Amino acid sequence: MTEQGNPTVRQRKQAATALSIEQSAVALVLEHGIDTVTVDMICEAAGVSQRTFFNYFKTKDAAILGAAPPKLDERRVREFLASDSPDLLGEIMPLLVNLAPVDTADLALAGARLRIISQSPALLQKEMERLFAIRDEMEEILYLRMRRAARSTESPTDTRDQAALITHVIAGVLRFTVERGGKPGAAPDPDRLRHLLADALAKLIPR
């Protein structure tokens, strides 16, 4: 029996196998192009059988995107909900940054994967679909934070609609970030992204 949250030897081995398959898939695509790479090539490079490959990934694209879907950071969510700062946009950014499918244990893999995704419309669409899987969670978090600070004259329905609209804006920002990520030096850092979005919204809706 192991303590909760402490992976077993088997779980560590499985994680290492999945990572090896992902690294091999990404490296091969960078070298040969996504259309050229096959599951057989990935298996050979990773030193696994096809059976093992399909135990971890259903398709070649799934291996390229990685096993772990993007998710919200629980600690940052709690901080976001507890904050009373009027700078909603500024405080969304830490949540937004941590939605990206970045494995901090292998930043080189994350960067390579981002370049591939940004250059493949099909992979970009699949990655956005994975991000949309947490859209409802993000909308609820925004609603709870905004409802707490809402004016007494603002209805819950209006707050809910505002939260939904902001969530859609965030989805667009994520797509922008991923697309820019494949171009050297073009992906904006979080602070610059925040200012870009604020300036763009100010121009869209001038006061």
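Read along the sequence, the protein chain follows the pattern α-α-α-α-α-α-α-α-α-α-α, and its secondary structure comes to eleven helices and zero strands, where helices (H or I, at least four residues) and strands (E, at least two) are DSSP runs numbered from the N terminus. This is a predicted model, in which local features need pLDDT of at least 70 and side-chain atom pairs count only at pLDDT 80 or more, while totals for chains, interfaces and linings use all residues. Residues are numbered from 1 along each chain as its sequence is written, and side-chain values use heavy atoms, with hydrogens and water left out.

Of the 207 residues in the protein chain, 35% are buried, a word that stands for under 20% relative accessible area with a 1.4 Å probe, protein chains only.

Now turn to one pair of helices. The axes of H1 (residues 9-32) and H2 (residues 39-46) come within 9 Å and cross at roughly 120 degrees, the axes being lines fitted to C-alpha atoms over the stretch in contact, with angles running from 0 to 180 degrees between N-to-C directions. That makes H1 oblique to H2, because angles under 35 degrees count as roughly parallel, over 145 as roughly antiparallel, 65 to 115 as roughly perpendicular and the rest as oblique.

Which residues bring the two helices into contact (heavy atoms within 4.5 Å)? From H1, Ser 20, Ile 21, Ser 24, Ala 25, Leu 28 and His 32 meet Met 41, Ile 42, Ala 45 and Ala 46 of H2. By class, this contact of H1 with H2 has seven nonpolar, three polar and no charged residues, where Ala, Val, Leu, Ile, Met, Phe, Trp, Tyr, Cys and Pro count as nonpolar, Asp, Glu, Lys and Arg as charged, and the others, Gly among them, as polar.

Conventions:
Contact = heavy atoms within 4.5 Å. Buried < 20%, exposed > 50% of the residue type's maximum accessible area, 1.4 Å probe, protein only.
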